[in-house]
Structure formats: structure tokens, C-alpha cells
Amino acid sequence: VSTINEKGLSIHEPDGSVTLCHPKATTNTAAEAPADVVVLFVKAMFSASALAANKSLIGPDTYLMTLQNGSGHEDTLLQFVDRDHVVIGTTQHNSAILGFGEIRHGGSGKTCIGLLDGNSGRLAHIAEAFSACGLEAVCDDQVQKLIWGKMFTNVSASVLTGVLQVPLGFIAAFVLKLPVMLVYFLLCTDEFVKWPWVIRHYKSMKWLKNITRDDLFEASRTNQ
């Protein structure tokens with residue numbers, strides 16, 4: 001955060017160009033006034049804690065927007081604002097951290113946003129603000145369908161790679177011959193799709209094995 005405030009944020013584009021931006025970054029929003037729009041872009045497991053730690057940014061007229069992968073994030077947002085101020089969406093943009101104050105912008109495209117109960121035209125001013133900053137955005141009453149479509153695409157691709165026992169990136173690069181940045185993006189989504197099974201396996205505790213020798217312990221007690 002200090003590096004971004006002091007030196008700015010360097011964005012490395014796929015064409016090799018680098019854009020230097022100077023956003024205001026902070027880890028403490030207690031003194032900040034409520035914002036017009038708050039965009040949630042953390043890992044799902046941290047959504048509630050991130051919003052709770054930054055409640056000062058959320059006012060009665062604040063829109064909470066999630067562009068996270070997957071679905072169901074609106075349930076968390078509804079803990080902080082009413083349905084009319086929850087914005088869900090999906091974006092084709094992705095990036096990766098290169099170092100302090102440096103990121104690689106791996107892919108770009110359209111960002112679609114909408115409200116839970118339709119009438120998403122009310123978000124036109126937000127979409128226009130995004131587009132004015134170079135992030136093409138549109139309002140769509142069918143955004144929920146787009147979110148599920150993206151998730152099913154990711155899941156289907158990962159199942160295929162699981163059956164074939166090859167990484168998703170391998171198919172994308174050598175079979176579909178997709179651009180390098182898109183291959184990298186697919187590699188990231190491959191890890192995301194594994195999370196439900198990883199968490200389920202972790203909670204089952206089946207991976208936890210007793211590697212101690214109880215017989216040796218009992219033998220030592222007998223000898224004493």
C-alpha cells in the first residue's frame with residue numbers, strides 16, 4: 001500500500017506497454033465518507049470480514065458490487081445493504097501481482113452488471129463511469145444467467161481435464177491454441193474450481209492419519 005501511494009501502480013499490458021496510475025490506497029477506511037459504489041473483489045472466504053472492516057464506506061445510498069468468480073456472493077452483500085443496492089456482475093478482465101506496486105493485466109473485455117430483481121437500467125451511470133475509465137461495461141437484467149454460464153464453462157473445462165489427466169492450460173495452449181494471456185487466465189480458474197472439493201476433503205478429516213506408534217508407548221510404560 002505504501003509503495004502504491006509513493007510510486008504509483010504500474011500496469012503491464014499484454015502488448016508490452018506499461019501504464020502508471022496513482023490511485024489512493026489505504027488499509028484503514030474509518031475516516032472515509034460513504035462511497036457511491038463499493039466494488040468487492042476479494043476471495044469469497046474474506047468477503048464478510050472485508051465489508052465489516054470497511055463499513056464506514058457503506059451508506060444508505062451506497063451500491064455494493066461483486067465481480068467475484070462463482071455465484072451466491074449476493075447473500076453476503078445483503079448483510080450490509082438492501083436488495084436494491086446489491087449489484088452482481090461478471091468481467092473478462094483479469095490480472096496478476098508481479099510485485100509491490102506492479103500488476104500484469106492479463107486479459108480485457110466486457111464487464112456486465114445488473115440488479116437482483118431486474119430494472120438494471122438504474123445502474124447506467126455506474127456502467128458509464130466504468131466505460132469512461134476504459135473498462136467497457138453494460139447493464140444486463142440477465143446478468144445472473146451470464147454468471148452461471150461462466151461458472152459452468154469453468155467447471156466443464158476442469159472436468160474434461162480431470163478425465164484426460166491433463167491441465168486445463170495444456171488443452172488451451174496446444175489443442176485450442178489460445179493466446180498466452182488467456183491460457184494464463186484459464187490456469188487461474190482451474191485452481192478456483194478445485195476449491196469446493198479441497199474444502200470438503202479438508203473438513204472430512206480423512207486425510208489426517210495417526211502416524212504414532214501406540215505399541216511402543218505401551219511397551220515403555222510396561223518396562224517402567
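# Sheets, loops and contacts

Ala-35 is partly exposed, with a relative accessible area of 23%, where buried means under 20%, exposed over 50% and partly exposed in between, all with a 1.4 Å probe and protein chains only. The model is a predicted one, in which local features need pLDDT of at least 70 and side-chain atom pairs count only at pLDDT 80 or more, while totals for chains, interfaces and linings use all residues. Residues are numbered from 1 along each chain as its sequence is written, and side-chain values use heavy atoms, with hydrogens and water left out.

Ala-35 has its place in the loop between β2 and β3, where strands (E, at least two residues) and helices (H or I, at least four) are DSSP runs numbered from the N terminus. Although Ala-35 and Ser-56 are 21 residues apart along the chain, their C-alpha atoms are separated by 8.7 Å.

Strands of a sheet pair through backbone hydrogen bonds, either parallel or antiparallel.

Which residue in β2 is the bridge partner of Ser-10? The partner is Leu-20, and the strands β1 (residues 9-12) and β2 pair in the antiparallel sense over four bridges. Ser-95 lies in strand β6. The C-alpha atom of Ser-95 is separated by 9.1 Å from that of Ile-11, although the two residues are 84 apart along the chain.

## The sheet of five strands

The order of strands in an open sheet of five is β3-β4-β5-β8-β9, and its pairing is mixed. At its edges stand β3 and β9 (137-139), each of which pairs on one side only, and the twist from one strand to the next averages 25 degrees.

Four bridges join β3 to strand β4 (residues 63-66), and these two strands pair in the parallel sense. Within this pairing, Val-37 has Tyr-63 of β4 as its bridge partner, and Leu-40 stands opposite Thr-66 in β4. The covered face of β3 carries Val-38 and Leu-40, whereas Val-37 and Val-39 belong to the uncovered one. Together, β3, α2 and β4 make a right-handed β-α-β unit, right-handed meaning that, with the strands pointing away from the viewer, the path from the first strand over the helix to the second runs clockwise.

The loop between β3 (37-40) and α2 (47-53) holds Val-42. With Met-45 and Phe-46, Val-42 forms a nonpolar patch on the surface, and the three have about 280 Å² of accessible area together. Patches are made of residues with over 30% relative accessible area and no salt bridge, like charges being joined within 9 Å and nonpolar side chains (Val, Leu, Ile, Met, Phe, Trp, Tyr) within 5 Å; the areas come from the Shrake-Rupley method with a 1.4 Å probe, and for residues only the protein chains shown count as cover.

## Salt bridges and a loop residue

How many salt bridges does the structure hold? There are two, a salt bridge being a side-chain nitrogen of Lys or Arg within 4 Å of a carboxyl oxygen of Asp or Glu. In one of them the side chains of Glu-32 and Lys-24 meet at 3.2 Å, N to O. Asp-117 and Arg-83 also meet through their side chains in a salt bridge, at 2.9 Å, N to O. Asp-117 lies in the loop between β8 and α4, and Arg-83 in the loop between α3 (74-77) and β5 (86-91), so the pair ties together parts that are 34 residues apart in sequence.

| Residue | Relative accessible area | Class |
|---|---|---|
| Glu-32 | 29% | partly exposed |
| Lys-24 | 68% | exposed |
| Asp-117 | 54% | exposed |
| Arg-83 | 40% | partly exposed |
| Val-42 | 34% | partly exposed |
| Ser-95 | 45% | partly exposed |

Most residues other than glycine have a negative phi. Asn-119, however, has a positive phi near 55 degrees, and it is a residue other than glycine. Asn-119 lies in the loop between β8 (111-115) and α4 (124-132).

Key:
Two strands pair if DSSP finds at least two bridges between them. Axes are lines fitted to C-alpha atoms, for helices over the stretch in contact, and angles run from 0 to 180 degrees between N-to-C directions.
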